[in-house]
Amino acid sequence: HSIYITHMHGDHIFGLPSLLLAINVAYKVSSQERRHDKNQELPVVHIFGPEGLYNYLAVALKISQSQIFNVTFVVHELVVDPEKGMLTQRKLQQNK
């Protein structure tokens, strides 16, 4: 599963925190089944976008006191760095 954000304009990013929470709720049923199998990993959704996307999502979720437990979101920021390449990657939030 992947989400792609082309640029950091409001019409592209303002609905993203709500979408992430909706995805989290959609996986809630399967997380109840996962409790029986402790070795089963959480689903992963990759989010690709420009630099600053990780910070935007982290702040939006923190300020709204939103919690994500059923999915792991991994943000891939496309950053131009001639020495290291173009892609950096960070997990949006550790699941508890």
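Let's start with N24, which is buried, with a relative accessible area of 7%; buried here means under 20% relative accessible area, exposed means over 50%, and partly exposed is in between, with a 1.4 Å probe and protein chains only. N24 sits in helix α2. Helices (H or I, at least four residues) and strands (E, at least two) are DSSP runs, numbered from the N terminus. What does N24 touch, leaving aside its neighbours within four places in sequence? The contacts of N24 are then Q67, I68, F69, N70 and V71, where contact means heavy atoms within 4.5 Å.

A quick word on what we are looking at. This is a predicted model, so local features need pLDDT of at least 70 and side-chain atom pairs count only at pLDDT 80 or more, while totals for chains, interfaces and linings use all residues. Residues are numbered from 1 along each chain as its sequence is written, and side-chain values use heavy atoms, with hydrogens and water left out.

Now the overall layout. The protein chain has four helices and four strands, and along the sequence they follow the pattern β-α-α-α-β-α-β-β. Of the 96 residues in the protein chain, 33% are buried. Among contacts in the protein chain with a separation of 6 or more, 66% are between residues 24 or more positions apart.

Back to α2, please, and its partner. Two packed helices are described by the angle between their axes and the distance between the axes. Helix α2 (residues 16-26) and helix α4 (residues 53-63) have axes that come within 10 Å and cross at roughly 70°. That makes α2 roughly perpendicular to α4; angles under 35 degrees count as roughly parallel, over 145 as roughly antiparallel, 65 to 115 as roughly perpendicular and the rest as oblique. The axes are lines fitted to C-alpha atoms, for helices over the stretch in contact, and angles run from 0 to 180 degrees between N-to-C directions. The crossing of α2 and α4 is right-handed, meaning that the near helix is turned clockwise from the far one by less than a right angle.

Which residues meet there? From α2 we have L16, P17, L20 and L21, and from α4 we have L53, Y56, L57, A60 and L61. By class, this contact of α2 with α4 has nine nonpolar, no polar and no charged residues. Ala, Val, Leu, Ile, Met, Phe, Trp, Tyr, Cys and Pro count as nonpolar, Asp, Glu, Lys and Arg as charged, and the others, Gly among them, as polar.

On to the core. The largest nonpolar core has 17 residues, and those with the most contacts inside it are I3, L16, I47 and F73. Such a core is a set of buried Ala, Val, Leu, Ile, Met, Phe, Trp, Tyr and Cys residues joined through side-chain atoms within 4.5 Å. Two or more residues come from each of α2, β2 (44-50), α4 and β3 (72-81), and α4 gives the largest share, four residues. Take I47: leaving aside its neighbours within four places in sequence, I47 is in contact with I3, L16, L20, L53, L57, F73, V74, V75 and H76.

F73 itself is in strand β3 and is buried, at a relative accessible area of 2%. Also in strand β3 is E77, which counts as buried at 5% relative accessibility.

Last stop, Q65, in the loop between α4 and β3. Q65 has a positive phi of about 55° although it is not a glycine, and Q65 is exposed, with a relative accessible area of 70%. Thanks, everyone!
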